[in-house]
Amino acid sequence: MKFSHSIQFNSVPDWAEHYLGYSYLKKLIYQIEKDIVSVSLNGQGDIEGSSNGNEETFLLDAKSRANTVFIPALDKELDKITKFYVGKENEFFEEVKTLISDVNYVESLEGTLPVNIPSHRYSHSFDTIDSFHQQLRRPGILRSGSEGAASFLSSDDEEHQLGTSSPVIEDRSSLMAAHAPENLESDRRNTYFWTHPVIEEERIRFKKRSIELYVWLSELKSFVNLNYTGFSKILKKYDKITNSRQLKSSYMTNMVGEGYPFKKPVRQTLDEHLKEIEEIYAKLCTYNDIKAAVKQLKTHLREFIVWERNTIWRDIIGLERRSYGVGFKARDVGEGEVQVSKIRTPFGKVNVSAEYSKTAFILATCIGIFVILLEARIFRDIEVGNCFALLVLASLLWATEVIPLFVTSLLVPFLVVSLRVMRSDDGQFTRLSANEATKAIFAAMFSPVVMLLLGGFAIAAALSKYHIAKMMATFVLSKAGTKPSWVLLANMLVATVASMWISNVAAPVLCLSLIQPILRNLPPNSSFGRCLILGIALASNVGGMTSPISSPQNIIAIQNMKPEPSWIEWFIVSIPLCVIADILIWLLLLWNYQPSKTSLTIHPIRASKDPWTNAQIFVCCVTVGTIILWCIEKQLESFFGDMGIIAILPLVLFFGTGILTKEDFNNFLWTVIILAMGGIALGKAVYSSGLLATIAHQIKDMVQELSPWEVMLAFCWLVLVVATFISHTVGALIILPIVSQVGDSIGHGEVSYRNLLVLSSAFMCSGAMGLPVSGFPNMNAIMMEDEMGVRYLSTQDFLKTGVPASLLVMLVIMTIGYLIMHFILGY
C-alpha cells in the first residue's frame, strides 16, 4: 500500500487535517524536480556559450533554491503537528489525572462501605449504603466518560445495566483469592473493594472512562509514530529526486528529533500515562492482573479502530485493488451512467440495465447454439458431436467474455464429464463412463506445465517483492542518456527482458512506473510521452515470446508440442526474433512520432544506490539456478523427469525460507492458472473424442498441396486476426490444439511439423497487438493518464502503430523464425 493511502487509512478521521501533508509535499517535490530539470537544460546551453560556465554550479544553485522552498514547507508541517499534539496532550493528561483522582477518592471511602455485610442482607443495610452513595456525589465522580471522547462500548460489553446486581459480580468475591496478588495486602483490599456490588455502578463508569482514555492515548501515540514515518519517507523521496543524501539525516536529527512530540522524554511520559490507565483498568476488571488488563484494552482498541475506520478501510483497499486489478474487458459506462430499460412482465415493469440485457442476450445466444449443435448430430459418433458443441460453446464464451474467462474454464471439465465426450486410449476407443472420465480429465488438468507456471509466478513474485527487477531495470535505464530515441530503445529492451522473467503482465506495470519521472517533466501534449508508453506496451507484447514462462500462451504451446522444447531451444528462436522485432518497432515509432525533430532532452533515470541485501542475493541465486536447470533439463531428464518438477524448487525455497509468504501465494494469478487448466482439459477432450483428428483430416485435404511454410503463413494470419480481437491466451487455447494435429497430419513418416506450426503460432499470439484490447500490455498502456486525468493514448495510436507492428512481427516470424526453427532446430 502506498504511504499516502496508508496515512489516510491509519489516521484518526477527526484529526485528518493535523497529520503531515504527505500528498502536498510530494507534489511540491515533483514541482522542484521540474525546476531542477529546467535549470539543468538552461545550464547546458549557457555552458556551451561560456567558458566560465559549470554544470555543477547550476545544479547546486538549483538544489539550494529547492531547499529554500522545501524546508519552510517542512517547518510549517512540523509546527502544525506540534501545536496539535501539545493541545491533545494537555487535554488527555488532564483527563488521566482526573480519573486517577476520582478512583483514589472512591477507594478512600473504603471504611464507609458495608463490605462485611453479605449480599443477601443488603435489605437490612439501606442506611449504610445510602450514606456511602451520598459521599460519592462530589463533582466529576459520576460522569460517564471524558468529554469529547465518543463511547463505542455496546451494552453487551457491560456486565449488567447500571444500578442492578448480577450473579457474575456477586460471585467475584469468591474468585478473588485465586486471582489477587498474594504478596500485597493493599492489592487484596482494593481488589475486594472493587468487586462489591454496591460499588458496581462506579466501577463500570470508571471502566468506560479508562477504555476511552486508553484508546485516545493510543491514537495520540500512533499520531506521533505515523508522522515520524511520514517525515522520514518524504525526506527520502526528496533526497532521491534531488540526488542529495544530506537533508534527510540532518533534518530528521536536528528538527524532527528535537520537535516536542518526537522527543524521547515526551514519548516516555505518554507511555507512563498509558501504564497508569492499564493499572486502573487492572484494579477495576482483572483483579490487578496487568497482562490480562492490557489484553482486554487492546481488544477494545482494535474494536474501536474497526468500528471507526471501516468505511475508510474499504475505500483504500478498493483503491489498491483497482490499481493492480487485471481485466480483459473495459467498461465504457462509468459510475452513475448506467443505462436502464423497463421490461413489461405479467407482474409489472422491471428495471433492467442495458449492460445486463446485452449480457443475458449474448449468453442465451451461446447456450442456444450449444443446444442446437448437440441435437444436430453433424458427426457420426456421438462423442465427437458433443465435443464439437462443447468446443464451440467454450470458444464463444471465451471470445465474448460474457462470463469471466476462468469461469468458462471451470465449466469445461464439468461438460466433458456430463456429455461423456472422452474415449479410452487403449486402441478400442470405447466411450468412458462419467467416473472414468472424471479421473482422466482431472489427471490431465494438473499437468507439469501448470507447475511450470506456478514456478514462474514464484520467481516473478520474489523478483518484484524484493525490488530486484526494478534495481536492474533502473541500472540499465540510467545508462540510456537523455536523447529521446535512445531512451525509447532502452525502455523497450528493458520491457522485453523483464517480460522474460516476471511475465508480460507484470513487466509493463514495472516499466510504466519507472518512466513516471520522465512523463512528469515532459511539455504538455508531448508526442514523446505517447511514443514511450506505446513502445513499452508493444515491447512487452514482444517479450511474451522470450521464455516459456513469459506468457500463458507459451505454456499452452509447450503442452501441444512433442517433444517439448528445452529452454535453450526456445531461446535460440525467441531471442533473435525479439531483438529484431524490437528494433523494427522502435524504427516504426521514431517514424510515426519523430521525437528527434524537437529539442527535447529527457530527465535521466538514476540507478538505485541501495546496497544488496542477503534476501536479494538469495533470490538471485535461486532464480539463476532454476533457469540453468531448466536449460539443461534434457540432460537431467532421467533425474527430474520434466521442467514442472524443477519448478517445485523455487516454490519450496522461497516459501520454505519465508522469502515469500502465504499472502504472496494467495496473490498469484490463479485466474490465469485456472484458464490454462481449462484449456488443457479442452485440448484433452478434443483429442480423446476424435474431434481433433476429424478437423485435422479436413484441414489436411485443404492444405495438402501447400508447403510447410505456406501452412505456417496461413495459421499465422489466422492467429493474428483472432488474437487481435480477443486475448492472446484465449486465441492460443482455441487454435493451438488444432494446429498441433494439423502439423502431425501434413508430415510424412517420422517427419512432423507440429513443433514448427505450434511454436510459430504461439509467437504470433504475442505479436498480435493492433488494438487496445489485444493483450494486457496494451490495456495497461491505454489506461495511463497524465496529472490532469487525460489519457496519453487513444485507439488511433494503436491503429497507426500497433497494426503495422503486428505485421512486422509476423514478417520476422515467417522469415528469420522459419529459418531458425526449420534449418537449425530441425522442426
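Phenylalanine 223 counts as buried, because its relative accessibility is 0% (buried is under 20% relative accessible area, exposed over 50%, partly exposed in between; 1.4 Å probe, protein chains only). Tyrosine 19 counts as buried too, at 4%. This is a predicted model, where local features need pLDDT of at least 70, side-chain atom pairs count only at pLDDT 80 or more, and totals for chains, interfaces and linings use all residues. Residues are numbered from 1 along each chain as its sequence is written, and side-chain values use heavy atoms, with hydrogens and water left out.

## Aromatic pairs

The whole structure holds 27 aromatic pairs (rings of Phe, Tyr and Trp, its six-membered ring, with centres within 6.5 Å; planes under 30 degrees apart are stacked, over 60 edge-to-face, the rest tilted). Tyrosine 19 and phenylalanine 223 have ring centres 4.8 Å apart and planes at 65°, so they pair edge-to-face. Tyrosine 19 sits in the loop between α1 (3–10) and α2 (22–49), and phenylalanine 223 in helix α8 (residues 200–241), so the pair ties together parts 204 residues apart in sequence.

Ring pairs also build a cluster: Trp15, Tyr19, Phe84, Phe92, Trp216 and Phe223.

## Charges over rings

Arginine 267 lies over the face of tyrosine 228, 5.3 Å from the ring centre (the cut-offs are NZ of Lys or CZ of Arg within 6 Å of the centre and within 35 degrees of the ring normal). Lysine 800 lies over the face of tyrosine 593, at 4.6 Å.

## A bent helix

Helix α18 covers residues 484–514 (helices are DSSP runs of H or I, at least four residues, numbered from the N terminus). Its end C-alpha atoms are only 15 Å apart, short of the 45 Å that a straight helix of 31 residues would reach (1.5 Å times one less than the number of residues). α18 bends by about 125° at isoleucine 502 (the angle between axes fitted to the seven residues ending there and the seven starting there). Of its 31 residues, 24 are buried.

Notes. Helix = DSSP H or I, 4+ residues; strand = E, 2+ residues; numbered from the N terminus.
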